[in-house]
Amino acid sequence: MKALLQALIGLSLHDAASAQGDQDTSPIKVSSDFLLQNWQTDQGLPRESILSLAQDGHGYLWMGTPQGMARFDGVRFVALEGVASLDMARGSVQRIFADNEGRLWIATRRSGLFCYSDGEISSMDSSNLPASVAIDSVAQDGAGKIWVTRGDGMVGWLQKGQFIPTAQLSKVARGPMLFGLTADTDGQLWFSSQDTYGRLVAGQPIHCTTHKGGVISLAPSPKGGVWVSTGYDLRRLNPDSEEAEQIVVKLPNGPYEVSAMHEDHQGTLWLGLENQGLFLLRNGSLEKVKGVSHTVNAIWDDIEGNLWVGTDGAGLYKVRPREFKIINQADGLPSDAVVSVCEDWVVPRGQGVARILNSGGVEMIGRLGHNSVSAVMGDGHGGFWAGTTGGRLIHQSQNGDLQSTRLWQAVDGPQIRTLYRDDKGNLWAGGFPSGLFFFPADGKLAHQDLSWHGFSNQSVTAIAGDATGGIWIGSSAGYLFECKSNTFQRFDSSAGFNGFPITALLPAADESLWVGTLGGGMGRFKKGKVQFLGDRTGVNDSVITQLIQDSCGFMWVGTSRGICRVSTADLEAVLGGRIQAASAVQFGPSDGLLNVECVAGHQPSVWLTQSGMIRFATSKGVVSFDPTLMPVNTHPPPLVLEDVLVDDHSVAIGPGLKLPWGYNKIEFRYTATSFVAPGKVHFKRWLRGFDQSWVEDGAMRRAVYPRLTPGKYLFEFTACNNNGVWNNSPCQFAFEVVPAFWQTAWFRAGGMILFAGLISVAVMGATRMRMRRKLARLEKANVLERERTRISRDLHDDLGARLTQVALLSDLAVESAATPPGLKPQIQEVSTLVRLAVQSLDETVWMLNPQKDTLAHVIDYVAHYAEHFFQPTPIHCRLEICRQPPAYAMPGKLRRDILLLVKEALNNVLKHSQAREVWLRIAMRGPMLRITVKDDGRGFNPATPTLRHGLENMRLRGWAAGIRVMVRSRDGQGTQVTFQMLMPPFKWPAKKVSNPNPKSETGRIA
């Protein structure tokens, strides 16, 4: 019906069309400078006919279709059709408009106007705008008002959901075409219908202009004013005077030709022509975009600069400038694979040398076609040097003269794969699998063989010169050489090199050197040391084949997986510790670049031409591009939390969400709308209260968590675009997991109180039991002490008194004249034995008496005993006793052991030393008691064997009591016996106390 209607109107307007004059019949250029990506139903697009396009504040791309509308985030399509709104789907969406507040206005052909806001679709059904009418267009003026045109030509604006009519446009414009509304950059409204257009001021049409026989289309210009298509020509309304029309270009095929028109943010005007596809206005003429041939219904450019095209039956297209030009067999090369490139010179693998022409094609250098060339280098005068796989170096001058020399005498000599011309014009040639040669800049083929400097058993894989005149050479063995003033210096593993072949060298302005290796990644050599960055470069490959710097501060990296771009400043910041990792951009099919493999082992294989183009030699041809025109996406991707599912059921996303404790899992679905390279959008997330820190998720757009413990949580996520630009304002969603009644604070508090009460009762019971046991032990100890006191008192008062009486009677019997003289010695011996028994009894009473269980009593008793022990002897006893000993308790057994050890030492002095003086020293050093018995007697040699066992018995007694016994003696120099013990509760370390054989200072066992 549409085609028939157009035909009828076209016949009726035939005369008017003829009045427009002859059309420009010159052929229209077909441009292949654009990269197209097409989505149809096979790629997930819900419908292949798209009538309208718009982008909302979240970054979603919206498409109006005859069956409703669909949403696209770059990866996933979501259809909002019958399930979302049956009335909207029935009405056929013909225009979607996004206002300044993020709402979507949906104009339908049969079901009125709808509004989409916060995930809800609502109908704007009112008395003046019933749901059954057609809505032609929607626009927003500079004041923020939403204006609508009905299918009958009535125009008006919306106030609180009510349509306020202002004018009937059908009175000034007639015809079957839709009434269109558009707003320019100043917020001024324009209208059009059939052959008439004009402005709307206060809702009234003014400055109406009619082009008889034409069909008007309007498009605002970001530079101001509007574009007008009459169907026969394209006109520009001057921003300063909208009535002044300027014809820009003729249109070729009649009034109904223009189906869509849009000027993007870069100032390029795009047109969709009926059944002819997509066109653009460039340099004053129309160019057809190759690859789009269907009717274009809608054109839109997003905030990242992508152009979107909706077609009638061919789906959705994304149009971007083709930045990469690949020169291969299609352009005249004998093979796709290229091994070397220098300026316009190209070396196809094994096929001579070719030259890139200004037209983009190539021509082969006929005289070199039979040579298997492996490297090419321009001579700086219009000619070039070519190295061959047979070890021959060929020079072709600008006028075509050829000279050649063979660097090796053997026919199958090493290949010349590496060529470099330094600032002085000298040529350096590297061989494979070995060899290095130098050609002076005099133009002759005489050369110097430098292989003996370390290149006789390894190939030269990279050569570069720095600003100071130094030449740097990389080898297949992973060594870096510096040649300066005819002196070579080698840098190897001692400088940090990892043994991987060095295939790329790039001198920097700060006298450092960037190094690329086959398998070891990229690093920087500076001041005699190299630092490799590993995966901190952001480059997704450790096989680095080419390095080159552009004028914009970016380093271009060729790898076995393609071509990357990374900021040199970011790499330096990584090495300086200012950032953790750089962000590299990997170019691939989404950028119009095939999956290429950059060439390794040949030089030069990347070149920055005099015109500013960078050219890479790859497995698919020469990749050529202008680095200054490569877009850098600085727009952080908008973040959208699309859905929250609890046990696979969607819940309302809003503040104050509370989840019951008994669910099994919670899932978050989110996205980031970036359309340049959606596959390169990376995400990271953090569920605060569960995750320890940010979790890197790559391209994953969902996160699933198990059942969470009751509490408050905050889910955050953010994303970066294809250039590594992160959105620094993470999307946040707070929620709470509600505890069960036994998980609540009051229940836990009650349980804790009850538990604490039970514990208190148990503790009190245990405490009472311990107190009872302790009292029982104290009572038992008191009984023992009373018994010890009684025994010591009875021994002293009874047995002691009786023994003293026996001694006195014995003394009287010895003195009595009546005692026979023969009995007096025996009686005297009895008296002596009785007195010794009294002394032993006194010691026993002292040990039994609990009132003497202190350190002070021990020291006092031992000193008193020593002093009385030597009184009847010629040995003088000297005492050195601590005045105020600490208040330590001394059990009776320990007091007894100390006394017996001291007695043994004093007896030894009296029996064996022949000393004149003896010293008894008692001192405290912290918790350690030290008793020393020292004499000035004859001493003894510890190494001399003896049958006496006094010292051994003394040692065993001391070890059993925890007392260390140390003996030091030399012939003629006296003897010193030292007893050391720790006061209770201190103890010697087990490894020392358990040693039964402590040694004296002379090495003899004490």
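The accessible surface of this protein comes to about 48400 Å², and 53% of that area belongs to carbon and sulfur atoms. Keep in mind as you look around that this is a predicted model.

| Feature of the protein | Value |
|---|---|
| Secondary structure | 10 helices and 71 strands |
| Buried share of the 1006 residues | 48% |
| Share of contacts (separation of 6 or more) between residues 24 or more positions apart | 52% |

**A pair of helices**

Let's zoom in on helix α8, residues 892–913, and helix α9, residues 950–961. How do they lie against each other? Their axes are 10 Å apart and the helices pack at an angle of about 160°. An angle over 145 degrees counts as roughly antiparallel, and therefore α8 and α9 are roughly antiparallel to each other. The crossing of α8 past α9 is left-handed.

Now find Ala107, which sits in strand β8, residues 104–108. Is Ala107 buried or exposed? Its relative accessibility is 0%, so Ala107 counts as buried. Leaving aside residues up to four places away in sequence, Ala107 touches Ser92, Val93, Gln94, Arg95, Gly112, Leu113, Ile135 and Val138. Take Gln94 from that list: Gln94 and Ala107 are 13 residues apart in sequence, and their C-alpha atoms are 6.0 Å apart in space.

Conventions: Residues are numbered from 1 along each chain as its sequence is written. This is a predicted model: local features need pLDDT of at least 70, side-chain atom pairs count only at pLDDT 80 or more; totals for chains, interfaces and linings use all residues. Side-chain values use heavy atoms; hydrogens and water are left out. Helices (H or I, at least four residues) and strands (E, at least two) are DSSP runs, numbered from the N terminus. Buried means under 20% relative accessible area, exposed over 50%, partly exposed in between (1.4 Å probe, protein chains only). Contact means heavy atoms within 4.5 Å. Accessible areas come from the Shrake-Rupley method with a 1.4 Å probe; for residues, only the protein chains shown count as cover. Axes are lines fitted to C-alpha atoms, for helices over the stretch in contact, and angles run from 0 to 180 degrees between N-to-C directions. Angles under 35 degrees count as roughly parallel, over 145 as roughly antiparallel, 65 to 115 as roughly perpendicular and the rest as oblique. A crossing is left-handed if the near helix is turned anticlockwise from the far one by less than a right angle, and right-handed if clockwise.
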